[in-house]
Amino acid sequence: TSIRSRMISTNSAFTILGLNPDIIFAISPSAPSAEVLQETFEATFDENRTLWNQLDAVANNNIVYLGGEYVTSKGLQSISSINKLVDLLEARIPAAQ
């Protein structure tokens, strides 16, 4: 099954639109890399840019594409992965001062 066929269903798309996230962390266990995942998402967004740009995260290009390393548990390496996620989040949305 391709990554594209596992993308957001119509029902979940409307749920996401209702939530209107400021940032999206995109991940797929079947994506061979974050780059391939980004290409897949961008192709989906391009199919209906008007719809997807209603999301602040999409309109502001605030999507973090994650590789497969974030899907599986790696024991102690999980701490490093979590720290990388925190760094990615802080880079996108600075902490309030």
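This is a predicted model: local features need pLDDT of at least 70, side-chain atom pairs count only at pLDDT 80 or more; totals for chains, interfaces and linings use all residues.

User: Good to know. How many aromatic pairs does a search of the whole structure find?

Analyst: The search turns up 3 aromatic pairs. One of them joins Phe41 and Phe45, with 5.8 Å centre to centre and 70 degrees between the planes, so it counts as edge-to-face.

User: Where do Phe41 and Phe45 sit along the helix?

Analyst: Both belong to helix α2, which covers residues 34-47. Phe41 and Phe45 are 4 residues apart there, so about one helical turn separates them.

User: And is Phe41 buried or exposed?

Analyst: Phe41 is buried, at 9% relative accessible area. Phe45 is buried as well, with a relative accessibility of 2%. Phe45 also pairs with Trp52: that pair is tilted, at 5.3 Å centre to centre and 55 degrees between the planes. Trp52 is buried, as Phe45 is.

User: Which residues form the aromatic cluster?

Analyst: Phe41, Phe45, Trp52 and Tyr65 make up one cluster.

User: Nice. Switching to charges: how many salt bridges does the structure hold?

Analyst: There are 2 salt bridges. As background, side chains of opposite charge can pair when their charged atoms come close. Here, Glu42 bridges to Arg49, with the closest N and O atoms 3.3 Å apart.

User: What about Asp46, which residue does it meet in a salt bridge?

Analyst: Asp46 meets Arg49, at 2.6 Å from N to O. Through shared partners, the salt bridges link Glu42, Asp46 and Arg49 into one network.

User: How accessible is each of those, starting with Glu42?

Analyst: Glu42 is partly exposed at 24% relative accessibility, and Arg49 is partly exposed too, at 29%. Asp46 comes out as exposed, because its relative accessibility is 53% and the cut-off for that class is over 50%.

User: Now the backbone. Which residue other than glycine has a positive phi near 45 degrees?

Analyst: That would be Asn20, whose phi is near 45 degrees. Asn20 sits in the loop between α1 (10-19) and β1 (24-26), and it is partly exposed at 26% relative accessibility.

User: And what is phi for Asn61?

Analyst: Asn61 has a positive phi near 50 degrees, and it isn't a glycine either.

User: Where does Asn61 lie?

Analyst: Look in the loop between α4 (56-59) and β2 (63-65). Asn61 is exposed, with 52% relative accessibility.

User: Great, thanks for the tour!

Note on methods. Residues are numbered from 1 along each chain as its sequence is written. Side-chain values use heavy atoms; hydrogens and water are left out. Rings of Phe, Tyr and Trp (its six-membered ring) pair if their centres lie within 6.5 Å; planes under 30 degrees apart count as stacked, over 60 as edge-to-face and the rest as tilted. Helices (H or I, at least four residues) and strands (E, at least two) are DSSP runs, numbered from the N terminus. Buried means under 20% relative accessible area, exposed over 50%, partly exposed in between (1.4 Å probe, protein chains only). A salt bridge is a side-chain nitrogen of Lys or Arg within 4 Å of a carboxyl oxygen of Asp or Glu.
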